[in-house]
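Subject: Structure handover

Hello,

Here is the structure for you to look over. My notes follow below it.

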Amino acid sequence: MKLKFCSLYSGSSGNCQYIKTENATVIVDAGLSGKRIQQGIENIGEDPKKIDAIFITHEHIDHVKGAGVLSRRLDIPIYANEKTWEAMTPYIGTIKDYNIKILNGGAQIGDLFIKSFNISHDAADPVGYNIFFENKKISLVTDTGCANDSITNNIMDSDLLLIESNHDEDLVMIGPYPWPLKKRVLSEFGHMSNDMAGELISKIIKKGTEIVLLGHLSKENNFPQLAYKTVESILMENSIEVNPGVRLDMTFRDKASKVYEI
Ligand SMILES: [Zn+2]
Ligand SMILES: [Zn+2]
């Protein structure tokens, strides 16, 4: 049995990642309306009623918008660490007590083990996730302004990696954001640039074996071809072959990625 992964939506306007095995289905983040998330799942031929758990990375609205609605409508538990629960409660509304799950490092859902690790972002206690299934490992890391050693070690040896490629630094500088917001995006508690993503992938890649998906692109300060080309050229500078070689793909703000089986 394989694990299915699909990025239903990824970007500054909403995030939701879908993971399914024979006996477990989880989503990571629910940052669009409940309706759009259900539609996204149906569009890839799956059943939203089968979601066993929602895992939250941090309380920003592009990660939690539909979490409360989905939990209430489909009776799904939500997993987040304590500080994230405190911070997101005003945005997601009342959740049934038994669906409030305080995540303390990791949780087993069917045959999936989901482990959180700290990232660097301006939220209460933001995390990335590793998802372990049999001998496979998926890593999800977005919304981080830097890639410190701990993050780097946590995403090492992944079979599939979704990594933030949020912005082009020059586009941020010449773009429409007011200065405080530019400073925030570019800070170590902001978001990861295309260049940073390229450098980090180069550091952790095992030749020819991984799938790397670029995600959480900014609408104002990036575009897919630029993110892809920037990362691809950094990998090639580091003698890493891409397509064929590393499978480098995009995720999208408003539609699902390919469905990957690992
Ligand atoms: Zn975000
Ligand atoms: Zn965020």
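First, a term: a residue is buried if 20 or more other C-beta atoms lie within 10 Å of its own, exposed if 12 or fewer, and partly exposed in between, with C-beta atoms placed from the backbone. Helices (H or I, at least four residues) and strands (E, at least two) are DSSP runs, numbered from the N terminus.

This is a predicted model, in which local features need pLDDT of at least 70, side-chain atom pairs count only at pLDDT 80 or more, and totals for chains, interfaces and linings use all residues. Residues are numbered from 1 along each chain as its sequence is written, while chains are lettered from A and ligands numbered from 1 in the order in which they are written.

Start with strand 2 (residues 16–20). 5 of its 5 residues are buried, so strand 2 is largely enclosed by the rest of the structure. Cys16, Tyr18 and Lys20 point one way, and Gln17 and Ile19 the other way.

Next, pairing: two strands pair if DSSP finds at least two bridges between them. Strand 1 (residues 4–9) runs antiparallel to strand 2, joined by 5 bridges. Tyr9 stands opposite Cys16 there. The hairpin of these two strands has 6 residues between them, and in it Gly11 takes a positive phi near 155°.

Strand 2 also pairs with strand 3, antiparallel, over 4 bridges. Here Tyr18 is opposite Ile27.

What is the order of the strands in the open sheet? It is 7-8-9-10-11-12-13, with mixed pairing across 7 strands. Strand 7 (106–109) and strand 13 are the edge strands, and each pairs on one side only. Neighbouring strands are turned by 20° against each other on average, direction ignored. Axes are lines fitted to C-alpha atoms, for helices over the stretch in contact, and angles run from 0 to 180 degrees between N-to-C directions.

Strand 9 (residues 127–133) and strand 10 (residues 136–141) are antiparallel, with 5 bridges. Phe132 has Lys137 as its bridge partner.

Strand 11 and strand 12 run parallel, joined by 5 bridges. Leu161 stands opposite Val212. Strand 12 pairs with strand 13 in the parallel sense as well, over 4 bridges. Leu214 is opposite Met250 in strand 13. Strand 12 is mostly covered, with 4 of its 5 residues buried.

For contacts, the criterion is C-beta atoms, placed from the backbone, that lie within 7 Å. Helix 9 lies across strand 12 and strand 13, at about 160° to strand 13.

Helix 8 (residues 194–204) and helix 9 (residues 224–237) pack at an angle of about 40°, with axes 8 Å apart. By class, their contact has 7 nonpolar, 4 polar and 2 charged residues. Ala, Val, Leu, Ile, Met, Phe, Trp, Tyr, Cys and Pro count as nonpolar, Asp, Glu, Lys and Arg as charged, and the others, Gly among them, as polar. Residues that meet include Ala197, Gly198 and Ile201 in helix 8, and Leu226, Thr230 and Ile234 in helix 9.

**Helix 3**

Which residues of helix 3 (residues 67–74) are buried? They are Ala67, Gly68, Leu70 and Ser71. Seen down the helix axis, these fall within an arc of 170°, so they line one face of helix 3. That arc is taken from the directions from the helix axis to the C-beta atoms. Their cover includes helix 1 (34–43), strand 4 (53–55), helix 2 (61–64), strand 5 (78–80) and helix 4 (82–92). Just after helix 3, Asp75 has a positive phi of about 55°.

**Backbone points to check**

Most residues other than glycine have a negative phi, and most peptide bonds are trans. Some exceptions follow.

- Asp29 has a positive phi near 70°. Asp29 is in the loop between strand 3 (25–28) and helix 1. Asp29 counts as buried because 29 C-beta neighbours lie inside 10 Å.
- His216 has a positive phi of about 50°. His216 is in the loop between strand 12 (211–215) and helix 9. His216 is buried, with 27 other C-beta atoms within 10 Å.
- The peptide bond from Asn243 to Pro244 is cis, with omega near 5°. Pro244 is in the loop between helix 9 and strand 13 (247–250).

Best regards

Terms used: Contact = placed C-beta atoms within 7 Å.
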